[in-house]
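Dear colleague,

I am handing over the structure we spoke about, with the sequence alongside.

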Amino acid sequence: MCAYIYFDAETKPLLDKFYNKSFRKRSIDAIESYINAIVIPPTYYLEGVSHLEYGIMDENNNYIISSGKYYEECNHFGIPENIKYDDREVLYCGNLSIHYGHFLLETTPRLSFYLKNRDKYRHICFSAFNQEMPSYAKEFFDLLKIPLSDIILCDTYTKFKKVVLPPCSYYHRKYFNDDFTYPFVEAAKNITPAKYKKIYFTRKYWNNMAKCFGEEDLEKVFNKNGFHSVAMERLTLKEQIAVVRGAEVIAGINGTAFHNILFSDQQKTVIILNRNEETDDQYMINEATDAKCYLIKAYENPFPVYHPRGPFVVGITRHVDRKSTRLNSSHVRTSR
């Protein structure tokens, strides 16, 4: 839970609020079940805005807030006149996201219940944008020995004979419980750790949104200090898990790659170089995995930049230099 934060005085209190507060919830929610319930596909609040919801409605069209991403009421769903009916009982497990980071945090939180009770339930149901399953999702379910034939993807409003809603182990920026890490550890338990003890998550091959300019200086410093560069987006899921399981210290610009520490049952030291003043959900993941975190300002963006979009200007700031004097030689020193 504790993070060592190297930031401007105005930004540090905001990060302290997230990184040095506990989001762990000890209790586990009850199982819910609904007859003739409707599964809602991923639906945006506003056109072109990333905030979306999904979940289920009961037979009276009441939204079940515990079925969604944010555990809050939603009133933007437009129910179509003709709804597909499926005469099966399903276990609703959230949203099957086409974004890897969101997949880790939205697709997995209800799977602990299924994995511990798989003899009682056959069909798992997810809200989905379409019927295509990303390759990482197929790998993940394969590692958990979940047959793809038992997975139902709802990309349209679908009414089922019965929908069972298992407990959710993680709600976005609200809380998590001890079941949160279970599916990841189960998926990774037979994967041999890679040989690299210190790794750097490079973004130099990343040509999508959130492009970072100036990262090469940061990467060179870490490489000189024995960190092996890894472009996680170029690896299969099994290869990513192997890299994270083998590493003791992980550094890089903040992003989805750090979420992969969920796949290890060994404590990690993470050196997160922030690309702007915003935070993400890594603080909850750090607490869940008992990671030791160094959070460092590594940006000099001339204008405000939205975290998922970019582009960002990063480099060896005074905060990176300051941090280097606090860490021992087993981590990194900025000799330029």
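Predicted model: local features only at pLDDT ≥ 70, side-chain atom pairs only at ≥ 80, totals over all residues.

I begin with the cavity. The structure holds 1 cavity of 30 Å³ or more, and the volume of the largest cavity comes to about 90 Å³. Its lining is made up of 14 residues, and those that lie nearest the centre are Tyr-54, Gly-68, Lys-69, Glu-106 and Tyr-170. If you wish to find the lining by element, strand E4 (84-96), helix H2 (100-107) and strand E8 (170-171) each contribute at least two residues to it. Sorted by class, the lining of the largest cavity has 7 nonpolar residues, together with 4 polar and 3 charged ones.

Helix H2, which supplies part of that lining, also packs against another helix. The axes of H2 and helix H4 (residues 135-143) come within 10 Å and cross at roughly 40 degrees; angles from 65 to 115 degrees count as roughly perpendicular and those under 35 as roughly parallel, and H2 and H4 are therefore oblique to each other. The crossing in which H2 passes H4 is right-handed. On the H2 side the contact is made by Tyr-100, Phe-103 and Thr-107, and on the H4 side by Tyr-136, Ala-137, Phe-140 and Phe-141. This contact of H2 with H4 comprises 6 nonpolar residues and 1 polar residue, with no charged residues.

H4 has a further packing partner in helix H7 (residues 237-246), where the angle is about 70 degrees and the axes are 9 Å apart, so that H4 and H7 are roughly perpendicular to each other. Here H4 contributes Tyr-136, Glu-139, Phe-140, Asp-142 and Leu-143, while H7 contributes Leu-237, Lys-238 and Ile-241. By class, the contact of H4 with H7 holds 5 nonpolar and 3 charged residues, and no polar ones.

With best wishes

Terms used:
Residues numbered from 1 in each chain as written. Heavy atoms only, no water. 1 Å grid on protein atoms, 1.4 Å probe; cavity = no way out; pocket = protein on both sides within 12 Å on 5 of 7 lines; lining within 4 Å. Points joined across faces, edges and corners; volume = space filled by probe spheres on them. Helix = DSSP H or I, 4+ residues; strand = E, 2+ residues; numbered from the N terminus. Nonpolar A, V, L, I, M, F, W, Y, C, P; charged D, E, K, R; others polar. Axes fitted to C-alpha atoms, helices over the stretch in contact; angles between N-to-C directions. Parallel < 35°, antiparallel > 145°, perpendicular 65-115°, else oblique. Left-handed = near helix turned anticlockwise from the far one by under 90°. Contact = heavy atoms within 4.5 Å.
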